Amino acid sequence: MKLYYKAVTGKGESIDGLIEARNPSEAADYLRSKELLPIKIVRKEKSKLSSFIPFFHEKISSKDMVNFTRQLSTMLTSGLTLLRSLEILKNQIGKRFFVDIIDSIIKDIQEGASFSKAITKYPEVFSPVYVALIEASEGSGLLDKAFLRLADTLEKQQKLRSTVKAALTYPLIVIVMMIIVVFVMMIFVIPQISTLYESLNVALPLPTLILMQISNFFVAFWFIILAALVLVGVAYNRWYKTAEGKLTIDSLFLKIPVFGALIKKTILAEFSRTLGALLASGTLVVEALDKVSNITGNIHYKNAIDDVAKRVEKGVSIGDSMSLYYLFPPNLIELVKIGEQTGKLDETLAKASEYFENEVDQTVKTLSTAMEPIILIFLGIGVAFLVIAIITPIYQITSSIN
């Protein structure tokens with residue numbers, strides 16, 4: 001249980017923070033053992049707003065994690081102790097939620113826990129890969145280098161995801177705006193025009209009749225359309241959580257033209273970079289593969305990497321195990337085999353990640369260039385249909401008057 005406490009030190013100074021305890025009594029006993037006089041101990045509750053709006057809470061972004069990790073590396077390299085570095089960072093971070101986490105980590109370290117053990121309490125902030133990299137480096141005394149490697153890895157990860165998001169944002173915004181415009185046109189604009197045409201009692205061309213029928217359907221059943229969209233979204237989320245749904249949907253994602261290739265290259269870049277970083281830190285191969293399988297975001301890659309880990313545990317090489325799956329391209333498999341033969345697998349994986357990151361950049365540029373004319377063509381067709389459907393009757397009426 002996470003409890004919020006307020007206490008007074010022997011010098012009369014007031015302090016507060018969060019503490020892990022089974023109940024308030026246990027928390028009070030702990031505070032007294034630290035020569036603190038507890039004033040208030042209550043269970044940490046979510047804010048009223050966050051209880052009504054689940055997504056309204058403070059989040060620790062990837063940028064926050066990069067800054068935290070890099071600053072920690074710099075401080076450790078300069079000769080500061082881990083505890084002192086964390087104390088300094090705690091006073092520099094603006095997010096209260098992150099401050100509370102660092103405060104809890106400091107307390108755990110003061111009680112004798114290692115940093116890797118202390119951060120395992122917060123899996124939503126520190127990923128298994130993050131913990132594994134730190135854990136592998138603590139015994140060797142190379143914690144500062146581990147944080148530097150982690151900062152570089154997180155930075156590249158953030159850059160890669162930002163690149164992919166940038167490629168998908170433009171078409172997504174255009175599609176959403178098109179849907180909104182269609183709804184507004186069909187529910188508010190077209191009915192007014194339909195009323196005008198009906199009052200004039202003129203023969204309407206086929207495109208206009210089609211447009212009017214679509215508009216009538218939207219006006220009569222708009223709530224059913226919205227309800228259907230919501231139900232489809234809920235059904236999709238529930239099905240995706242099942243084993244069959246995840247396998248089917250993740251397979252479809254990989255087969256989407258252009259976008260599927262982009263997803264594959266992104267996963268391979270993440271896989272190569274993270275596995276290389278784990279191996280460079282001294283993590284065992286099987287353990288490193290187990291950790292990496294959870295970051296792919298695709299069930300097919302996860303299953304493939306899990307199977308590779310099992311084969312490696314039985315004595316099969318990583319390259320030979322990967323060659324059994326079409327998900328891993330031949331160039332990556334060859335690089336892995338060369339890395340295993342030379343004993344520099346971490347370096348070859350780092351080169352592989354750079355290659356796939358460049359491929360992602362190139363694919364994004366190609367996709368951005370290709371999407372613009374495609375979107376313009378669809379917009380042009382839609383606008384042309386609307387113009388023909390709306391303007392043609394007006395032209396006919398004008399001609400008949402003349």
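Mentor: Start at Lys344. Lys344 sits in the loop between helix H15 (330-342) and helix H16 (345-401). Helices here are DSSP runs of H or I with at least four residues, strands are E runs of at least two, and both are numbered from the N terminus. Lys344 has a relative accessible area of 44%, so the residue counts as partly exposed. The classes are buried under 20% relative accessible area, exposed over 50%, and partly exposed in between, using a 1.4 Å probe and protein chains only. Gly276 is 68 residues from Lys344 in sequence, yet their C-alpha atoms are 9.6 Å apart in space.

Some ground rules. This is a predicted model, where local features need pLDDT of at least 70 and side-chain atom pairs need 80 or more, while totals for chains, interfaces and linings use all residues. Residues are numbered from 1 along each chain as its sequence is written, and side-chain values use heavy atoms, leaving out hydrogens and water.

Now another loop residue. Thr296 lies between helix H12 (285-293) and helix H13 (299-313). Thr296 is buried, at 11% relative accessible area. Its side chain reaches two backbone oxygens: that of Ser293 at 3.3 Å and that of Asn298 at 3.3 Å. Setting aside neighbours within four places in sequence, Thr296 is in contact (heavy atoms within 4.5 Å) with Ile267, Tyr301, Lys302 and Ile305.

What angle do H12 and H13 make as they pack? About 170°, with the axes 9 Å apart. That makes H12 roughly antiparallel to H13. Axes are lines fitted to C-alpha atoms, for helices over the stretch in contact, and angles run from 0 to 180 degrees between N-to-C directions. Under 35 degrees is roughly parallel, over 145 roughly antiparallel, 65 to 115 roughly perpendicular, and the rest oblique. On the H12 side the contact includes Val285, Leu289 and Ser293. On the H13 side it includes Lys302, Ile305 and Val312.

The axes of H3 (residues 62-77) and H8 (residues 143-200) come within 8 Å and cross at roughly 155°. H3 is therefore roughly antiparallel to H8. The crossing is left-handed: the near helix is turned anticlockwise from the far one by less than a right angle, whereas clockwise would be right-handed. Among the residues that meet are Met65, Val66 and Leu72 of H3, and Phe147, Leu150 and Leu154 of H8.

Next, the cores. The largest nonpolar core has 72 residues. Such a core is a set of buried Ala, Val, Leu, Ile, Met, Phe, Trp, Tyr and Cys residues joined through side-chain atoms within 4.5 Å. Phe68, Leu86 and Phe328 are among those with the most contacts inside it. Not counting residues up to four places away in sequence, Phe68 touches Leu86, Leu89, Ile93, Phe98, Ile102, Phe126 and Tyr130. A separate second core of 12 residues includes Ile190, Leu204, Phe218 and Ile390.

Two serines to finish. Ser116 is in helix H6 (residues 115-119). Ser116 has 5% relative accessibility, so it counts as buried. Its side chain makes a polar contact with the side chain of Ser114 at 3.2 Å. A polar contact is a pair of N or O atoms within 3.5 Å; within protein, one must be able to donate a hydrogen and the other to accept it, and residues adjacent in sequence count only if both atoms are side-chain atoms. Ser104 lies in helix H5 (residues 96-110). Ser104 is buried too, at 7%.
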